[in-house]
Amino acid sequence: MKKTVLTFKEAKKTGKKLTMLTAYDYSAARLIDPCGIDAILVGDSLGMVCLGYPDTLSVTMEDMLHHTRAVARGADHALLISDLPFMSYQASVYDAVKNAGRLVQEGRAEAVKIEGGGEVAEQAKAIVRAQIPVMGHIGLTPQSVNMFGGFKVQGKERERAKRFIEDAKRLEDAGVFSIVLECIPGALADIITQAVSVPTIGIGAGNRCDGQVLVYQDMLGMLPGFQPKFVKAYENLSDAFQSGVRGYIEEVENGKFPSEEHTFLMDAETVKDLIT
Ligand code: KIV
């Protein structure tokens, strides 16, 4: 069944937990989509996960369009959401609408996500007015990493926490269909979830949100090295991946691959003709 923004609306009513994972290319979308996921996010985290940047700030509209198009070709059922990257919506409402439109028209996204609360409410409102569903994103918003002084949990202090609650309400008033809550205390995520009528999707925000999102490479243990506290690896694919690569190297080097099974055969008479 095709998932849409109505799936999100219904889930908030019934209490069914929403599931979302990132994907950045066609093959990942082909694997994730049939599993029954509610939404696939082409996150600007692709800058860090796929392009090797230290943060998401260098990701461009062209990057997002390129990856969104690829995911769209592999995702038939999940709601496809694409991130508006840094500086594609902050400077003006015009930029926001224009670039959201590009993600839908050229990228085939079905919704867009923007980071920030009250300061981007006008942009969210204008994008929704242009008939494009918007997902909000508050808490540790990675595009603000330089303002935060690093990737740190946000909203532990009273004033900051109160501002996030206000931000969520401003986004709700602007017409967003859902809000991502990233790296905030579980108790604050719970308060926000109860304060708004749209579903909240948590990442590092405890289990009282209306749904959860993770970067799929983190969730499958595909990236060796540091893992944030909120990540759970359901598989250890980096070991399986590297064991496959090592097996290939070994078999090519010792002549075991390709065997006859992987080789196209030719009529013996023709071979004889060719060598005589
Ligand atoms: O870019 C991204 O992947 C995200 C999610 C982690 C919410 O914004």
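The model is predicted: local features need pLDDT of at least 70, side-chain atom pairs count only at pLDDT 80 or more, and totals for chains, interfaces and linings use all residues. Residues are numbered from 1 along each chain as its sequence is written, and side-chain values use heavy atoms, with hydrogens and water left out.

- Strand β1 spans residues 18–22. Strands are DSSP runs of E with at least two residues, helices are runs of H or I with at least four, and both are numbered from the N terminus.
- Of the 5 residues of β1, 4 are buried, so the strand is largely enclosed by the rest of the structure. Buried means under 20% relative accessible area, with a 1.4 Å probe and protein chains only.
- β1 runs parallel to strand β8 (residues 211–214), joined by 4 bridges. Two strands pair if DSSP finds at least two bridges between them.
- T19 stands opposite Q212 in β8.
- β1 also pairs with strand β2 (residues 39–42), in the parallel sense, over 3 bridges.
- Here M20 faces A39 in β2.
- From β1 the chain passes through helix α2 (residues 26–32) to β2, in a right-handed β-α-β crossover. Right-handed means that, with the strands pointing away from the viewer, the path from the first strand over the helix to the second runs clockwise.

**Residue S178**
- S178 sits in strand β6 (residues 178–182).
- Its relative accessibility is 0%, so S178 counts as buried.
- A polar atom of the S178 side chain lies 2.9 Å from the backbone oxygen of P199.
- Beyond its neighbours within four places in sequence, S178 is in contact (heavy atoms within 4.5 Å) with residues including F8, V134, G136 and P199.

How values were computed
Buried means under 20% relative accessible area, exposed over 50%, partly exposed in between (1.4 Å probe, protein chains only). A polar contact is a pair of N or O atoms within 3.5 Å; within protein, one must be able to donate a hydrogen and the other to accept it, and residues adjacent in sequence count only if both atoms are side-chain atoms.
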